[in-house]
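Here is a walk through one protein chain, taken a piece at a time. Keep the structure open as you read.

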Amino acid sequence: MKKHAIAVLSYGMALSLLLCSCSSSTPKAAPPSMPDMSFMEQSNSAAEAQPQSNPRTIAPTEQRPLANTTPIVQSTPVPEAPAATPAPAPQAAPVVPQPAAEQPAMPKVKPKTNVPPASHPAKVTTSQSQRLTLSQLVKKYPDLLRLKGSSNSKSVALTFDDAPDETYTPQVLDILKKHHVRATFFLLGVQAVKHPAIVKRIANEGHVIGNHSYNHKLFTKLSDDVFRLQIQNTQKELHKLIGYSPRLLRPPYGEISESQLIWASDQGFTIVNWNVDSLDWKQLGASQVSANILNHTHGGSIILQHSGGGPGQNLSGTVKALPNVIQTLKDRGYNLVTLPDLLQVPKDK
Ligand SMILES: [Zn+2]
């Protein structure tokens, strides 16, 4: 158990430096207890055991042994697994801004996080919140944690996490522009600071920008203060660059605790995961990325891809698959829309 914990810790640290893919993990409903970082190991081995030739590398929902098989539970995303990319970690500087002198007070921080407004069912304690799986959170708060739009819709949304970078994000933008498609990008604060021109380009070309934390920490392992700083400092950087405060929030790995979910919702965020996972963070080839998307996309789907990754992470499969994904979805009669359009929420708050 101890060895396990140490391995998990060091893996988590390497991961944050990688800024790698945002998802991971086994289905939240599978283990009865709150997932800890060990799920990453499980998920990795599970993922590695999957034959690459099987386009259905992972069953985002259906194949999971869920105790509850309601549609909502079934659509619970399988959070991305951290990429297996080695972490050269060229930037050793800590990227989580601390509440240092130059960052005086965080005006939006509330003194208490665990006090939900009257609209929330009950006061949530941290221990309670950590016992809820993502599936349970979705069932309990279907309006706060979104995985998909209306299944009656003929619209679907392409989403790209861990942006921006200077390699893949521009290529993704070029393809979207060529095909007249608008998408949603979930940005990391640390990456936005590094590549401000690309952030502005994303916004200027009509795409919607959401908050994906500052440097891709697993929210459920953070203190309340650090969790809030991850979000607020990213908001601050994004607002400086794009002129609005994103309303959409996607937690790294799709993981968020109940109290964090409620706090973020109280702050005006709409928390959005996905129900179709391209698994592109595994550095799959274009045909498999395409299959993972096209075999599982239905009306209202929210599709997870990445346009940024850790050092050395190869997302060329995402780029190569994208024209085919777009054209095939269009041929099937789907409109490719942004998340605010799909979910009928504003892009800002
Ligand atoms: Zn991510």
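In this predicted model, helix 6 and helix 12 pack at an angle of about 5°. Their axes lie 10 Å apart. An angle under 35 degrees counts as roughly parallel, so helix 6 is roughly parallel to helix 12. From helix 6, the contact takes in Tyr168, Gln171, Val172 and Ile175. From helix 12, it takes in Thr318, Val319, Leu322 and Pro323. Of the residues in this contact between helix 6 and helix 12, 6 are nonpolar, 2 are polar and none is charged.

Helix 12 also has a packing with helix 11. Helix 11 covers residues 286–294, and helix 12 covers residues 316–331. Here the angle is about 45°, and the axes are 8 Å apart. Helix 11 and helix 12 are therefore oblique to each other. Their crossing is right-handed. Helix 11 brings Ala286, Val289, Ser290, Ile293 and Leu294 to the contact. Helix 12 brings Gly317, Thr318, Lys320, Ala321, Asn324, Val325 and Thr328. The contact of helix 11 with helix 12 has 6 nonpolar residues, 5 polar and 1 charged.

Now look at the loop between strand 8 (302–306) and helix 12, where Ser307 sits. Is Ser307 buried or exposed? It has 30 other C-beta atoms within 10 Å, so Ser307 is buried. Beyond its neighbours within four places in sequence, Ser307 is in contact with Phe160, Ala163, Asp165, Tyr168, Thr169, Val172 and Phe185. The C-alpha atoms of Ser307 and Val319 are separated by 8.2 Å, and the two residues are 12 apart along the chain.

One of the contacts of Ser307 is Ala163. A cis peptide bond joins Ala163 and Pro164, with omega at about -10°. Most peptide bonds are trans. Pro164 lies in the loop between strand 2 (155–163) and helix 6 (168–178).

Phi of His180 is near 55°, a positive value in a residue other than glycine. Most residues other than glycine have a negative phi. His180 has 10 other C-beta atoms within 10 Å, so it is exposed. Where else does a residue other than glycine have a positive phi? Gln344 does, with phi near 60°. Gln344 is placed in the segment after helix 13 (339–343). Gln344 counts as exposed because it has 9 C-beta neighbours inside 10 Å.

Two further loop residues are worth a stop. Leu222 is in the loop between strand 4 (208–211) and helix 9 (224–242). With 17 other C-beta atoms within 10 Å, Leu222 is partly exposed. Leaving aside neighbours within four places in sequence, Leu222 is in contact with Lys217, Phe227 and Gln230. Tyr141 lies in the loop between helix 5 (134–140) and strand 1 (145–146). Tyr141 counts as partly exposed too, with 18 C-beta neighbours inside 10 Å.

Step back to the whole protein. It has 13 helices and 9 strands. Buried residues make up 52% of its 349 residues. Take the contacts between residues at least 6 apart in sequence: 82% of them join residues at least 24 apart.

Last comes confidence. The protein averages a pLDDT of 75, and 63% of the residues score at least 70. Over residues 24–79, pLDDT stays under 50. The model has 115 contacts beyond four places in sequence for that stretch. Residues 81–123 also have a pLDDT below 50. In the model, residues 81–123 have 70 contacts beyond near neighbours in sequence.

Notes. Residues are numbered from 1 along each chain as its sequence is written. This is a predicted model: local features need pLDDT of at least 70, side-chain atom pairs count only at pLDDT 80 or more; totals for chains, interfaces and linings use all residues. Axes are lines fitted to C-alpha atoms, for helices over the stretch in contact, and angles run from 0 to 180 degrees between N-to-C directions. Helices (H or I, at least four residues) and strands (E, at least two) are DSSP runs, numbered from the N terminus. Angles under 35 degrees count as roughly parallel, over 145 as roughly antiparallel, 65 to 115 as roughly perpendicular and the rest as oblique. A crossing is left-handed if the near helix is turned anticlockwise from the far one by less than a right angle, and right-handed if clockwise. Two residues are in contact if their C-beta atoms, placed from the backbone, lie within 7 Å. Ala, Val, Leu, Ile, Met, Phe, Trp, Tyr, Cys and Pro count as nonpolar, Asp, Glu, Lys and Arg as charged, and the others, Gly among them, as polar. pLDDT is the predictor's confidence in each residue, from 0 to 100. A residue is buried if 20 or more other C-beta atoms lie within 10 Å of its own, exposed if 12 or fewer, and partly exposed in between; C-beta atoms are placed from the backbone.
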